[in-house]
Amino acid sequence: MLAVETRNLTKKYKEVTALNGCDLQVEEGELFGLLGVNGAGKTTLKKRKPQASA
């Protein structure tokens, strides 16, 4: 069962694209980490509000 899932997530700040088509799946009980350089979109991904799926 999935604990976290996102598909094609995109976030733009005016002219800057912070996330572009991000897909992520994390299974229950799985440990994962986000690594990347400054400005890669790690915090933007973390701050996205979850939405209920149908």
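A residue is called buried when its relative accessible area is under 20%, exposed when it is over 50%, and partly exposed in between, using a 1.4 Å probe and protein chains only. By this definition Thr6 is buried, because its relative accessible area is 16%. The structure is a predicted model, in which local features need a pLDDT of at least 70, side-chain atom pairs count only at pLDDT 80 or more, and totals for chains, interfaces and linings use all residues. Residues are numbered from 1 along each chain as its sequence is written, and side-chain values use heavy atoms, with hydrogens and water left out.

The term pLDDT denotes the predictor's confidence in each residue, from 0 to 100. The protein chain has an average pLDDT of 85, and 89% of the residues score at least 70. Where pLDDT is low, the predicted coordinates should not be read in detail.

The overall arrangement may be considered next. The protein chain contains one helix and two strands, and from the N terminus on these elements follow the order β-β-α. Helices (H or I, at least four residues) and strands (E, at least two) are DSSP runs, numbered from the N terminus. Among the elements, strand E2 (residues 16–27) has the highest mean pLDDT, 90, whereas helix H1 (residues 42–47) has the lowest, 84. Of the 54 residues in the protein chain, 19% are buried.

A contact means heavy atoms within 4.5 Å. Not counting residues up to four places away in sequence, Thr6 touches Cys22, Asp23 and Leu24.

Gly21 is found in strand E2. Why is Gly21 partly exposed? Its relative accessible area is 27%, and therefore Gly21 is classed as partly exposed. With residues up to four places away in sequence left out, Gly21 touches Asn8, Leu9 and Thr10. Gly21 and Asn8 are 13 residues apart along the chain, yet their C-alpha atoms are separated by 3.9 Å.

Attention now turns to the nonpolar core, a set of buried Ala, Val, Leu, Ile, Met, Phe, Trp, Tyr and Cys residues joined through side-chain atoms within 4.5 Å. The largest such core has six residues in all: Leu9, Leu19, Cys22, Leu24, Val26 and Leu45. Strand E2 gives the most to this core, with four residues. In soluble globular proteins, nonpolar side chains tend to be buried together.
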